[in-house]
Amino acid sequence: MARDLTYTRNFGIMAHIDAGKTTTSERILYYTGKTHKIGEVHEGAAVMDWMVQEQERGITITSAATTTFWNYRDETYHFNLIDTPGHVDFTVEVERSLRVLDGTVATFCAVGGVEPQSETVWRQSEKYSVPKIAYVNKMDRTGADFLNVVKEVKEKLGAKPVPITLPIGAEDKFKGIVDLISRKAIIFTDSKDLVNYTIEEVPADMAAEVDEWRGKMIEDIAEYNDSLLEKFFEDPNSITEDEIISTLRKATIGMTAVPMMCGASFKNKGVQYLLDAIVRYLPSPLDKGEVVGNHPDDADKAETRKASIDEPFCGLAFKIATDPFVGRLAFVRAYSGKLEAGSYVYNPRSDKKERISRLYQMHSNKQNPIEFLEAGDIGACVGFKDLRTGDTVCDEKHPIVLESMTFPDPVIGLAVEPKTQKDLDKLGIALGKLAEEDPTFTVRGDEETGQTVISGMGELHLEIIVDRLKREFGVEINQGAPQVNYKEALHGTVEHRELFKKQTGGRGKFADIIVEVGPADEGVTGLQFVDQVKGGNIPREFIPSVEKGFKSAMANGVLAGYEIPSMKVTLKDGSFHAVDSDSLSFEICARAAFRHACPKAKPIIMEPIMSLEVVTPEEYMGDIIGDLNRRRGQVQNMDSKGNARVIKALVPLSEQFGYVTVLRTLSSGRATSSMEFSHYVEVPANIAKEIVEKAQGKKKKSDDDD
């Protein structure tokens with residue numbers, strides 16, 4: 001018999017680094033009976049942080065999934081929980097988790113409030129329309145202020161926060177919460193007992209504050225229930241708890257309200273209330289409604305699937321991982337139907353059938369074998385040959401393509417080589433596996449120098465990759481200095497004729513094209529190819545070869561060999577030879593046209609600009625801003641947060657290597673910073689000249705070595 005999806009919750013925990021996501025996840029596992037001992041992050045014993053690197057550094061690097069159960073009002077709820085990283089370098093893990101989750105718990109630090117990465121993950125959840133509840137953690141820390149975090153959620157995130165609890169005390173006097181819905185106080189003890197609280201009357205000195213915030217809560221959600229507001233004005237005491245809960249649930253699922261509660265996970269305070277809130281306000285797969293996709297053969301034809309096992313199977317592979325014991329694992333969210341171990345699924349991207357030999361329910365890095373995966377569930381499968389992150393898997397007779405995921409381009413590179421020749425093959429295999437797992441990690445060969453260049457989202461990202469190569473794959477490597485992933489772009493438009501002729505005795509090669517080359521239209525990425533050939537001057541079968549030639553040439557720009565991410569090519573005219581012309585001739589001709597036309601189309605070099613936020617005591621402001629100016633930084637904003645100052649700036653990535661160390665020195669270790677990619681801009685002329693000269697020097701050295 002199929003499980004009733006009303007009692008399923010697929011949710012994640014997302015936040016800025018150090019807000020206490022993993023500590024909260026560990027408490028959830030403990031209070032739901034999944035673990036019998038609480039794993040602490042600072043002791044390197046957290047269940048959800050299973051990687052060696054995570055345990056050593058006390059950070060989350062990879063999203064970990066687990067399944068557990070919670071009893072609420074005599075019903076057992078099935079939880080699929082994903083704990084996501086907070087560090088911006090691992091933002092891909094958050095992105096792909098949010099793509100498949102029905103709801104999320106946004107965790108905030110009661111002292112730090114809305115921090116830079118909080119804003120990033122919030123935007124990601126909005127992109128995928130994921131309903132949220134907010135949990136303000138660390139109420140026991142000095143400087144904790146629940147209502148200030150509520151204010152920041154409203155101002156910085158543009159959300160509609162609805163506090164459903166108030167803290168009783170704060171900092172070292174934090175002892176419990178007032179539930180505004182039931183008007184009861186929940187007082188916690190410091191013990192780790194499963195029931196470590198008592199329910200009491202609201203403290204007399206908080207009665208007025210509780211009434212005020214309860215009134216605000218009802219006003220905020222009343223648009224979803226008109227009778228609620230009428231009752232509130234006539235007799236506030238006549239409103240039942242169930243009326244408030246069901247109305248707030250509708251508002252949360254409708255993305256117009258964010259219930260906010262508080263606690264101190266490390267001290268085991270507030271976690272059981274959070275678990276009840278997950279059941280009460282976050283959607284089940286049924287609440288999210290049917291999933292919409294397209295037919296593989298007709299992008300305009302919409303296909304829908306209901307969250308039911310009676311529908312044809314459809315799921316999304318949102319993560320590929322390598323396990324030393326079971327091999328390649330694909331994490332799949334099933335949206336409809338039922339997938340049985342040993343059966344076949346269809347992959348519309350590759351147009352191939354894949355056999356799923358075994359299915360698992362995940363618990364961090366451990367697998368529990370299951371016989372089937374059904375609608376609304378999250379599991380992992382093995383046995384497939386060609387699955388990638390973002391692939392749809394479905395029933396061959398009822399094909400559907402779900403919206404895939406988009407990932408940011410890597411901005412920083414590192415040249416690597418194995419220390420010994422015998423490690424060469426091992427390095428290639430290891431890098432291939434890591435690139436398959438992580439769409440923001442890329443590997444390419446530098447044609448000029450023959451080096452292998454790995455690219456990622458930041459210095460920490462590449463540091464972890466190098467560490468994993470050594471520990472997991474046993475490959476020792478030498479590495480170069482970090483390098484910036486510049487890009488090239490065209491500013492002007494030029495018309496160019498390219499004639500390719502080769503006679504070698506017998507059949508020759510011939511292609512002749514007239515093209516206009518320039519920047520792509522706004523918002524277009526990749527090659528924008530326009531065919532304007534009339535009268536059959538170039539046969540139709542050769543035109544895709546011209547497009548292919550330009551597309552492959554874009555990987556290496558004409559100034560310094562960096563990728564050109566977007567350009568427009570208009571094929572205007574040309575000619576062909578009845579005997580000597582073929583597809584390859586036109587492809588080679590297009591590549592030559594790229595090399596000869598682009599230098600005349602005002603090529604420029606673009607560099608990645610990072611959005612930097614520094615939190616510092618007032619006395620170091622001058623030194624820090626002076627240092628940012630030396631780094632070509634532009635200060636955007638200066639704010640106060642408590643007794644600290646917050647500096648927001650845009651700084652070129654090329655000037656930011658080793659910045660954390662410099663910041664520590666400037667502020668005697670008291671300032672903190674976080675940085676994420678913002679956009680690309682044109683490099684100043686003097687720096688562009690240096691980049692081009694360096695690239696030409698590398699090319700000359702490479703030619704001399706040959």
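At what angle do helix α6 (residues 207-221) and helix α8 (residues 241-253) pack, and how far apart are their axes? In the predicted model described here, the two helices meet at an angle of about 55°, and their axes lie 9 Å apart. Since angles under 35 degrees count as roughly parallel and those from 65 to 115 as roughly perpendicular, α6 and α8 are therefore classed as oblique to each other. The crossing in which α6 passes α8 is left-handed. On the α6 side the contact is formed by R214, M217, I218 and I221, and on the α8 side by I244, T247, L248 and A251. By residue class, this contact of α6 with α8 comprises six nonpolar residues, one polar residue and one charged residue.

Helix α6 also packs against helix α7 (residues 226-234), at an angle of about 150° and with the axes 9 Å apart. An angle over 145 degrees counts as roughly antiparallel, which is why α6 is described as roughly antiparallel to α7. The crossing of α6 and α7 is left-handed. Here α6 contributes G215, I218, E219 and I221, whereas α7 contributes L228, L229 and F232. Five of the residues in the contact of α6 with α7 are nonpolar, one is polar and one is charged.

With regard to the overall architecture, the secondary structure of the protein amounts to 16 helices and 38 strands. The radius of gyration is 29 Å, close to the 27 Å that the globule rule gives for 706 residues, so the protein is as compact as a globular protein of that length. Taken along the principal axes, the box filled by the C-alpha atoms is roughly 100 × 65 × 55 Å.

In one of them, four strands follow the order β7-β8-β9-β10 with antiparallel pairing. Its edges are formed by β7 (165-168) and β10 (197-201), each of which pairs on one side only, and the twist from one strand to the next averages 25°. Within this sheet, strand β9 (residues 184-188) is joined to β10 by five bridges in the antiparallel sense, and I187 has T198 of β10 as its bridge partner. Helix α9 (residues 271-281) packs on the sheet, where it touches β7, β8 (176-179), β9 and β10, and the direction of α9 makes about 35° with that of β8.

The other open sheet likewise has four strands, in the order β31-β32-β34-β33, but its pairing is mixed. Strand β32 (residues 509-518) runs antiparallel to β31 and is joined to it by nine bridges, with K502 standing opposite K509 of β32. Two helices pack on this sheet. Helix α12 (residues 543-553) touches β32, β33 and β34 (566-575), and its direction makes about 155° with that of β33. Helix α13 (residues 583-597) touches β31, β32 and β34, and its direction makes about 40° with that of β32.

The helices α12 and α13 also pack on each other, at an angle of about 40° and with their axes 7 Å apart. The two are therefore oblique to each other, and α12 passes α13 in a right-handed crossing. The contact draws on S545, V546, K548, G549, F550, S552 and A553 of α12, together with S583, F586, E587, A590, R591, A593 and F594 of α13. Sorted by class, the residues of this contact of α12 with α13 divide into seven nonpolar, four polar and three charged.

A further antiparallel pairing involves strand β17 (residues 344-347) and strand β18 (residues 352-355), which are linked by four bridges. Y344 of this pair stands opposite R355 in β18. The hairpin of β17 and β18 has four residues between the strands, and in this hairpin D351 takes a positive phi near 60°.

Technical notes: Residues are numbered from 1 along each chain as its sequence is written. This is a predicted model: local features need pLDDT of at least 70, side-chain atom pairs count only at pLDDT 80 or more; totals for chains, interfaces and linings use all residues. Side-chain values use heavy atoms; hydrogens and water are left out. Two strands pair if DSSP finds at least two bridges between them. Axes are lines fitted to C-alpha atoms, for helices over the stretch in contact, and angles run from 0 to 180 degrees between N-to-C directions. Contact means heavy atoms within 4.5 Å. A crossing is left-handed if the near helix is turned anticlockwise from the far one by less than a right angle, and right-handed if clockwise. Ala, Val, Leu, Ile, Met, Phe, Trp, Tyr, Cys and Pro count as nonpolar, Asp, Glu, Lys and Arg as charged, and the others, Gly among them, as polar. The radius of gyration is taken over C-alpha atoms; the globule rule is 2.2 Å times the number of residues to the power 0.38.
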